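My notes follow the order in which I checked them.

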Amino acid sequence: HSYLLAKKLFKLKQHMKGARNILRVANNMTMFEEDKVKIMTIAAVECQEAGLGKSSSQWAIELMKDYKGAIPESYKARIDKISRNAYKSEEEPDMANTPCPFCKKDMPEYSLECKNCYNVVPFCIASGKHVVIGDLSKCPHCNFPAMISEMKELLVNEVKCPMCEGEVDANLMEKIEDPIAYLKGRKV
């Protein structure tokens with residue numbers, strides 16, 4: 001879902017959110033062997049758009065080193081330029097921290113594993129961030145978790161759930177009354 005969501009976010013010009021999602025996919029590349037070059041190419045280009053120069057360079061360098069012949073022709077010059085102007089020493093902006101829904105300790109907003117309580121934290125289907133208790137909602141069709149603020153923002157541009165493609169009326173989205181029971185009842 002992170003890959004599909006990233007593509008949707010890129011189209012909406014939400015490059016940072018899209019880049020954080022495509023990085024999750026790229027960092028788990030062994031699960032996507034067939035699409036390896038495509039994912040690394042998107043990661044290099046979109047991370048550059050989002051201002052994540054170090055990550056952009058990392059993927060561009062790997063592409064040029066190991067997959068130069070497989071890079072799509074329309075991206076070759078751009079990937080080559082990114083790799084030549086590598087931002088190896090550039091610091092990237094840190095992810096914001098938001099509280100773990102289980103133990104309430106701060107954790108990076110795109111992390112799905114809490115380092116404090118070791119819970120796997122569900123992700124928001126509208127942003128790819130981990131869910132936050134005070135903003136928790138769900139798709140009325142597939143019941144997947146979403147942060148209400150993120151889902152409403154996404155629904156401004158499109159009326160479909162990014163997970164199941166069911167039509168969702170943003171005005172009918174409601175916060176979950178007992179978020180802990182909802183999260184504990186979900187199978188991750």
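Predicted model: local features only at pLDDT ≥ 70, side-chain atom pairs only at ≥ 80, totals over all residues.

The cut-off I applied for a disulfide is 2.5 Å between the sulfur atoms. I noted Cys-164 as partly exposed, at 33% relative accessibility.

I then turned to Cys-114. Its closest cysteine sulfur is in Cys-117, 3.6 Å away, which is also too far for a bond. Cys-114 is buried, with a relative accessibility of 4%.

Next I went through the charged pairs. I recorded 10 salt bridges in a search of the whole structure. One of them pairs Glu-165 with Lys-8, with 3.8 Å between the closest N and O atoms. Glu-165 sits in the loop between H6 and helix H7 (179-185), while Lys-8 belongs to helix H1 (residues 2-11), so this pair ties together parts 157 residues apart in sequence. I have Glu-165 down as partly exposed at 39% relative accessibility, and Lys-8 as buried with a relative accessible area of 16%.

I gave Glu-150 its own entry. Is Glu-150 buried or exposed? I found Glu-150 buried, at 9% relative accessibility. Glu-150 is part of helix H6 (residues 148-155). Its salt bridge with Lys-17 has the closest N and O atoms 2.5 Å apart. This pair links distant parts of the chain, as Glu-150 is in helix H6 and Lys-17 in helix H2 (residues 15-26), 133 residues apart. Lys-17 is buried as well, with a relative accessible area of 14%.

I also listed what else surrounds Glu-150. Its side chain makes a polar contact of 2.9 Å with the side chain of Lys-129. Leaving out residues up to four places away in sequence, I have Glu-150 touching Lys-17, Cys-124, Ala-126, Ser-127 and Lys-129.

My last pair was Glu-33 and Lys-36, whose side chains form a salt bridge at 3.6 Å, N to O. Glu-33 is partly exposed, with a relative accessible area of 45%, whereas Lys-36 is buried at 17%.

Which residues do salt bridges with shared partners join into one network? I wrote down Lys-17, Glu-109, Lys-129, Glu-150 and Glu-153.

Terms used: Residues numbered from 1 in each chain as written. Heavy atoms only, no water. Buried < 20%, exposed > 50% of the residue type's maximum accessible area, 1.4 Å probe, protein only. Helix = DSSP H or I, 4+ residues; strand = E, 2+ residues; numbered from the N terminus. Polar contact = N/O pair within 3.5 Å; in protein donor to acceptor, adjacent residues only side chain to side chain. Contact = heavy atoms within 4.5 Å. Salt bridge = Lys/Arg side-chain N within 4 Å of Asp/Glu carboxyl O.
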